[in-house]
Amino acid sequence: MDQASRPSESDADLVTAIGGGDALALRVLYERHAAWLLVRLSHRCADPALVEEVVQDTFLAVWKGAPHYRGEGEVPAWIWGIGIRRLIDRLRRHRAMALFDPLAHEPSAEDHVLLGIEHGDLAGALDRLSPELRAVLQATVLDGLTSREAGRLLGIPSGTVKTRLMRARRELREGLA
Amino acid sequence: MSWHVDEPILDLYASGTLGDPAVYSVEAHLVTCTRCRGELSTRVDESRLDRIWVGVRDRVDAPRAGIVERLLVQAGIPSHVVRLLMTTPSLRPSWVVSVAVSLAFAVLADRLVGAGALPFLVLAPLVPVVGIAAAFARPIDPVWEIGAATPLGGFRLTMIRAAAVLVLSVALAGVAALGLPEPGWTLVAWLLPSLGLTGLTLALSTTSAGMPNVAGAVAATWSVGVVLAEWLADQRLAAFDARGQVLLALIAVASIVVVVARRDAFERRVGA
């Protein structure tokens, strides 16, 4: 990865160049954004091979979709929006595959200490939420998914997403009061 | 932005062991922070990223498959066979259109000029013959060099393409035949001749004569033969009566035997 990384060009410049068919710009964008995308997707899907395919899908979609990029919002947010939806697509096609398991992400004792410093009461309130409610919060609030998309990601009906989200809000409000 | 994710937190996040609320915080920050994204990159296996990139690059470079190609692949035909068929000159849309137009004119001649079914019955069996010749004509076959240089080329390549050309030709002629003025046995009278002439062309192409020469000779012999039979027997469509059909069926069977027996000949000179 020691080729020209074009530091003078912003992400938006790169996407514009990609839209014009600049394959080298795609390479530079990949170097800047593939790593965090890979890690972030890995937090939502337990299958490493599937995550790698989704990263591929995402940058292929960036290559094809770059001409339509209108410069709204940050490029990383745009890439994430593509990536999480590609993941949902893939998961729908691999229905039998292991879906993201919220129970597998229980914080360790060390995390509790770090979180206490960093997030104070909010972290405590979040932590007291059940893993199911937290997964719904993550998918909708943080990943920016609609309740239907969140339902597909988590393998639950969209109505369940809505009720869990309501419960999560109520519990958080009570926990912070 | 002056706030950045602490190194130990990034370590935990990269390894997937960070707890949920902290993950929210890290991810919300990563979207906006170039520096922390860079820090995170150093914690991801570079060879893994390189491997994924190779996949991206290959898919970006790959030529886009046409709609027919995608349909055939969806229908379960192996993609390398589909690609082979797509590069066959006599399976391209331009060829199909010209064959369809020729057959349509033959049917039209039969109807308007009242020439009986003769023009159509002479032409229909020649469609696969010319198609196969074109499938291997060196100047217009885009993969000729590949075929010639591929150890597997020869026999398999010839048979796959010949079969595809034959199926397509028969389908086109079958549709065209429905337009004939006096349907009946003429509806299928061209079928055995098609097989016979196609087989004969393939069998003769195992000799040192080139495919186009063989096809030309077969086409000329056929045309003259039909007219001659009609003139000698003093009977309309004499070449297509029972004796003619049996003769062409025998030629078809004999040709298959010759082609299989001399299959090595295809390995030596694909598309010469």
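## A tour of chains A and B

Start with α5(B) and α6(B), whose crossing is right-handed; right-handed says that the near helix is turned clockwise from the far one by less than a right angle, and left-handed that it is turned anticlockwise. This is a predicted model, in which local features need pLDDT of at least 70 and side-chain atom pairs count only at pLDDT 80 or more, while totals for chains, interfaces and linings use all residues. To find your way, residues are numbered from 1 along each chain as its sequence is written, and chains are lettered from A and ligands numbered from 1 in the order in which they are written.

**Stop 1: α5 and α6 of chain B**

Select residues 67-74 of chain B for α5 and residues 79-86 for α6. Helices here are DSSP runs of H or I with at least four residues, strands are runs of E with at least two, and both are numbered from the N terminus. The two axes come within 9 Å and cross at roughly 145°. Axes are lines fitted to C-alpha atoms, for helices over the stretch in contact, and angles run from 0 to 180 degrees between N-to-C directions.

Now show side chains: B:Glu69, B:Leu72 and B:Val73 in α5(B) meet B:Ser79, B:Val82 and B:Met86 in α6(B). Contact means that the C-beta atoms of two residues, placed from the backbone, lie within 7 Å. Colour this contact by class and you get 4 nonpolar, 1 polar and 1 charged. Nonpolar covers Ala, Val, Leu, Ile, Met, Phe, Trp, Tyr, Cys and Pro, charged covers Asp, Glu, Lys and Arg, and the others, Gly among them, are polar.

**Stop 2: zoom out to whole chains**

Chain B has 15 helices and 0 strands, and chain A has 8 helices and 0 strands. Of the 272 residues in chain B, 37% are buried; for the 177 residues of chain A the figure is 40%. Buried means 20 or more other C-beta atoms within 10 Å of a residue's own, exposed means 12 or fewer, and partly exposed is in between, with C-beta atoms placed from the backbone.

In chain A, 63% do.

**Stop 3: the cores**

Next, select A:Ile18, A:Val55, A:Val136 and B:Tyr13, the residues with the most contacts inside the largest nonpolar core, which has 62 residues. A nonpolar core is a set of buried Ala, Val, Leu, Ile, Met, Phe, Trp, Tyr and Cys residues joined through C-beta atoms within 7 Å. Helix α2 of chain A (residues 23-42) gives the most to this core, with 12 residues.

Centre on A:Ile18. Leaving aside neighbours within four places in sequence, A:Ile18 is in contact with A:Ala25, A:Leu26, A:Leu29, A:Val62, A:Trp63 and A:Ala66. A second, separate core has 48 residues, including B:Val82, B:Ala106, B:Val107 and B:Ile132.

**Stop 4: where the chains touch**

Colour by chain. The contact takes 31 residues from chain B and 36 from chain A. On the chain B side, the elements giving two or more residues are α1 (7-15), α2, α3 (34-41) and α4 (46-61). α2(B) gives the most to that side, with 9 residues. By class, the chain B side divides into 19 nonpolar, 7 polar and 5 charged.

Select residues 20-30 of chain B, and you have α2(B), with 8 of its 11 residues buried. Among the buried ones are B:Tyr24, B:Val26 and B:Leu30.

Then bring up α2(A) with α3(B): the axes come within 8 Å and cross at roughly 75°. That makes α2(A) roughly perpendicular to α3(B); the bands are under 35 degrees for roughly parallel, over 145 for roughly antiparallel, 65 to 115 for roughly perpendicular, and oblique for the rest. A:Ala35, A:Trp36 and A:Val39 meet B:Arg37, B:Leu40 and B:Ser41 here.

Also in α3 of chain B is B:Arg35. B:Arg35 is exposed, because 10 other C-beta atoms lie within 10 Å.

**Stop 5: α4 and α7 of chain A**

Finish on residues 75-93 and 147-154 of chain A, helices α4 and α7, which pack at about 50° with axes 9 Å apart. That makes α4(A) oblique to α7(A), and their crossing is left-handed. Show A:Arg85, A:Ile88, A:Leu91 and A:Arg92 against A:Glu149, A:Arg152 and A:Leu153.
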